[in-house]
Amino acid sequence: MGGKCPSRKVKKRRYSHKTARRAKFLLKGDDAVYDDLQKPDSEKQPLPLDEDLPGMGQYYCLHCDRYFANVTVRDEHFKTKRHRKRVKQMMGPAPHTQLDAELAAGMGMPDNGPKLMSI
């Protein structure tokens with residue numbers, strides 16, 4: 001007569017609140033972060049004060065595109081596996097861009113071959 005609770009399947013399909021909260025913030029793409037990392041130090045500007053960001057926008061991880069509330073939280077983030085994987089990924093070859101995706105899908109500029117005769 002027992003059996004499983006009928007509402008059990010519904011609970012498994014729900015998103016965790018962390019993933020829903022993370023999706024709310026817009027993140028830069030891998031190619032934009034890679035381009036920011038390739039800039040020379042002379043072009044990088046100091047972070048402006050922003051009340052809407054955690055820690056007034058002063059504690060930022062460039063590799064992960066995340067802001068932190070204070071220095072200790074940011075330094076703890078630097079020790080995490082997620083950050084180290086991201087640094088390793090950004091040190092490798094350049095990530096794919098939108099142009100690469102369009103060329104792979106055949107949506108790039110047409111290649112009509114070499115010109116045989118000029119008019």
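Buried means a relative accessible area under 20%, exposed means over 50%, and partly exposed covers the range in between, computed with a 1.4 Å probe and with protein chains only. By that scale Met56 is partly exposed, at a relative accessible area of 36%. This is a predicted model, in which local features need pLDDT of at least 70 and side-chain atom pairs count only at pLDDT 80 or more, while totals for chains, interfaces and linings use all residues. Residues are numbered from 1 along each chain as its sequence is written, and side-chain values use heavy atoms, with hydrogens and water left out.

**Overall architecture**

- The protein chain contains six helices and two strands, where helices (H or I, at least four residues) and strands (E, at least two) are DSSP runs numbered from the N terminus.
- Along the sequence these elements follow the pattern α-α-α-β-β-α-α-α.
- Of the 119 residues in the protein chain, 12% count as buried.
- The protein chain exposes about 10,800 Å², of which carbon and sulfur atoms supply 57%; accessible areas come from the Shrake-Rupley method with a 1.4 Å probe, and for residues only the protein chains shown count as cover.
- Taking contact to mean heavy atoms within 4.5 Å, 38% of the contacts between residues at least 6 apart in sequence join residues at least 24 apart.

**Residues with positive phi**

- Met56, which lies in the loop between α3 (30-38) and β1 (59-61), has a positive phi of about 60° although it is not a glycine.
- Asp65 also is not a glycine and has a positive phi, of about 55°; this residue sits in the loop between β1 and β2 (66-68).
- Asp65 counts as buried, because its relative accessibility is 11%.

**The annotated segment**

- An unreviewed UniProt entry places the feature "domain: C2H2-type" at residues 61-83; UniProt positions are given in the numbering used here, feature names are shortened, and annotations may be inferred rather than shown by experiment.
- In the model, the end C-alpha atoms of residues 61-83 lie 9 Å apart, and the span is 48% helix and 17% strand.

- Arg86 belongs to helix α5, which comprises residues 81-91.
- Arg86 is classed as buried because its relative accessible area is 17%.
- When neighbours within four places in sequence are left aside, Arg86 is in contact with Asp30, Val33, His63 and Cys64.
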